Amino acid sequence: MNTADPVATLAVRYAEALLSSEGRPAEANGLILEALGAGMSPVEMCVDMLPSAMAEVGRRWEHGEASVADEHLATIAVQEMLRELVTRFPRMPARGRLVIVASVERELHDLGARIVGDLLEADGWEVLFVGAATPTTALVSLVRDRRPDVVALSASLPEHGSILADATRRLRGCGPPTPFIVVGGGALLSSGAGEPIEADAIVARADRAVEILGAWADAAPPTT
């Protein structure tokens, strides 16, 4: 950890507060409110700090420094804080664009997908957030029924890379029109069995994904 980085420092302090046996989620969230008062933006908090804090919680769980119950309590607290931070996002006019946001089949982590969906909603998109562990067959059926402009997929674990590759390949068969496909998450560090990810954009950061989709939406005709 770079202790000179205020976001990284806050992420560790927040994780420690959430996991402390003497702590309470409300007290941990006080660190967030303090940082907001000091000038850290809600978007920076969601894109950088909360995922880093949950990664620290996960690291401590893997090393036996936190229980499953501790991890669940921390996850719920982070989700509640995310809902609070979202209310502070600047809002853009409606774009008249539909995006489906989901974590791939077997992927139980959906924080990154939630953040992308919340940022897109603030940017004027109509968002259908499907959530974690979305079966690929169900996702394809939904895309065919709703005909979104964009499908945004998240996969955090490297072992889910092959599932992500299969999902993007099957989504290519949903058209015409074929939605713009953007993917992100830790699974991109490994492509599983080596299958290509047939996406229009592969993006590491949620805020960058919103920028790319905004530019695409401004240039491309609606699909519906």
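1. Let me start with a cluster: E16, E56, R59 and R60 are linked in a network of salt bridges. By salt bridge I mean a side-chain nitrogen of Lys or Arg within 4 Å of a carboxyl oxygen of Asp or Glu. Side chains of opposite charge can pair when their charged atoms come close.

2. A word on the basis of these notes: this is a predicted model, in which local features need pLDDT of at least 70 and side-chain atom pairs count only at pLDDT 80 or more, while totals for chains, interfaces and linings use all residues. Residues are numbered from 1 along each chain as its sequence is written, and side-chain values use heavy atoms, with hydrogens and water left out.

3. The E56 side chain makes polar contacts with two arginine side chains: that of R59 at 3.0 Å and that of R60 at 2.7 Å. A polar contact here is a pair of N or O atoms within 3.5 Å; within protein, one must be able to donate a hydrogen and the other to accept it, and residues adjacent in sequence count only if both atoms are side-chain atoms.

4. Where do R60 and E56 lie relative to each other in helix α3? They are 4 residues apart in that helix (residues 42-62), so about one helical turn separates them. The two form a salt bridge whose closest N and O atoms are 2.7 Å apart.

5. Is this pair buried or exposed? R60 counts as buried at 15% relative accessibility, and E56 is buried too, at 13%. The cut-offs are under 20% relative accessible area for buried, over 50% for exposed and partly exposed in between (1.4 Å probe, protein chains only).

6. Please also look at R172 and D200, a salt bridge with its closest N and O atoms 3.2 Å apart. R172 lies in the loop between α7 (161-171) and β4 (180-184), and D200 in the loop between β4 and β5 (201-202), so this pair ties together parts that are 28 residues apart in sequence. R172 is partly exposed at 28%, as is D200 at 39%.

7. R205 and D207 form another salt bridge, with 2.9 Å between the closest N and O atoms. R205 is partly exposed at 37% relative accessibility, and D207 is partly exposed at 22%.

8. For the overall tally, a search of the whole structure finds 14 salt bridges.

Key
Helix = DSSP H or I, 4+ residues; strand = E, 2+ residues; numbered from the N terminus.
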